[in-house]
Amino acid sequence: MTKPGFFEDTFEKLVELGTSTAKKTGKSLAQTFSPLKLLEKSVGLNNGQDDLQEREKKISKDSHTPLNFEKLKEKYEQQDKQRENALKNRLFQLVKQGEEKEIEIKKQEEMKKKQEEERERAERERRKKIEEEQKTQELIPRGKIRRSIFSPKKAAQQKHAEFKPAASKN
């Protein structure tokens with residue numbers, strides 16, 4: 001017998017692999033996507049699956065505690081109340097801060113008005129003083145200022161009137 005060549009042996013292995021793969025793929029596809037199973041589910045025919053579901057329910061009942069929906073509802077209501085209270089407090093704080101800001105603004109305006117009044121009053125007093133000084137200066141007699149062509153102009157000097165102590169007697 002002659003030995004088959006390398007290419008002939010490889011070709012035979014590929015053919016065998018292809019046929020086995022095609023068979024396996026067909027079976028797995030039939031198992032996952034079976035039109036008969038889809039038809040049975042839509043019609044409502046169950047082939048022993050009810051027993052399986054009952055067994056799963058028994059196992060699942062034993063493995064966990066059933067939920068108490070009343071307690072859950074109460075918990076959610078408590079959480080909602082807490083959130084509502086937090087939002088109410090936040091709103092109260094916002095309103096309170098707004099009122100405080102308004103009060104602060106009013107105080108600042110009042111302080112500005114008071115400062116303006118003080119400034120005006122001080123200005124009036126200063127003007128009165130200046131006017132009184134000018135009146136007193138007008139009442140004070142002034143001596144003659146010597147002017148000559150050779151000397152520059154001199155500012156007027158204030159001189160008080162001379163009083164002789166014994167002039168009014170006799």
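I call a residue buried under 20% relative accessible area, exposed over 50%, and partly exposed in between, with a 1.4 Å probe and protein chains only. By that rule glutamate 116 is partly exposed, because its relative accessible area is 35%.

**Entry 1: the model.** I note that this is a predicted model, in which local features need pLDDT of at least 70, side-chain atom pairs count only at pLDDT 80 or more, and totals for chains, interfaces and linings use all residues. Residues are numbered from 1 along each chain as its sequence is written, and side-chain values use heavy atoms, with hydrogens and water left out.

**Entry 2: confidence.** I looked up pLDDT, the predictor's confidence in each residue, from 0 to 100. The mean for the protein is 77, and 57% of its residues reach 70 or more. Where is confidence lowest, and where is it highest? The lowest is in helix H3 (residues 49–63), with a mean of 64, and the highest is in H4, at 94. Where pLDDT is low, the predicted coordinates should not be read in detail.

**Entry 3: elements and surface.** I took helices (H or I, at least four residues) and strands (E, at least two) as DSSP runs, numbered from the N terminus. The protein has four helices and zero strands, so the order from the N terminus is α-α-α-α. Of the 170 residues, 1% are buried. I took accessible areas from the Shrake-Rupley method with a 1.4 Å probe; for residues, only the protein chains shown count as cover. The accessible surface comes to about 18100 Å², and carbon and sulfur atoms hold 55% of that.

**Entry 4: a nonpolar patch.** I use "patch" for residues with over 30% relative accessible area and no salt bridge, where like charges are joined within 9 Å and nonpolar side chains (Val, Leu, Ile, Met, Phe, Trp, Tyr) within 5 Å. Which residues form the nonpolar patch on the surface? They are Leu67, Phe69, Leu72 and Tyr76, with about 470 Å² of accessible area together. Leucine 72 sits in helix H4 (residues 69–139). Leucine 72 counts as partly exposed because its relative accessibility is 32%.

**Entry 5: salt bridges.** Side chains of opposite charge can pair when their charged atoms come close. I count a salt bridge when a side-chain nitrogen of Lys or Arg is within 4 Å of a carboxyl oxygen of Asp or Glu. How many salt bridges does the structure hold? I found seven.

One of them joins aspartate 80 to arginine 83, with the closest N and O atoms 4.0 Å apart. Both residues lie in helix H4, three residues apart, about one turn of the helix. Aspartate 80 is partly exposed at 44% relative accessibility, whereas arginine 83 is exposed at 54%.

Glutamate 116 pairs with arginine 119, and here the closest N and O atoms are 2.3 Å apart. About one helical turn separates glutamate 116 and arginine 119, because they are three residues apart in helix H4. Arginine 119 is partly exposed, with a relative accessible area of 48%.

I also looked up arginine 126 and glutamate 123, whose side chains meet in a salt bridge at 2.4 Å, N to O. These two are three residues apart in helix H4, so about one helical turn lies between them. Arginine 126 is partly exposed at 43%, and glutamate 123 is partly exposed at 27%.

**Entry 6: threonine 136.** Threonine 136 is in helix H4. At 44% relative accessibility, threonine 136 is partly exposed. What does its side chain reach? The side chain of threonine 136 comes to 2.7 Å from the backbone oxygen of glutamate 133.

How values were computed
A polar contact is a pair of N or O atoms within 3.5 Å; within protein, one must be able to donate a hydrogen and the other to accept it, and residues adjacent in sequence count only if both atoms are side-chain atoms.
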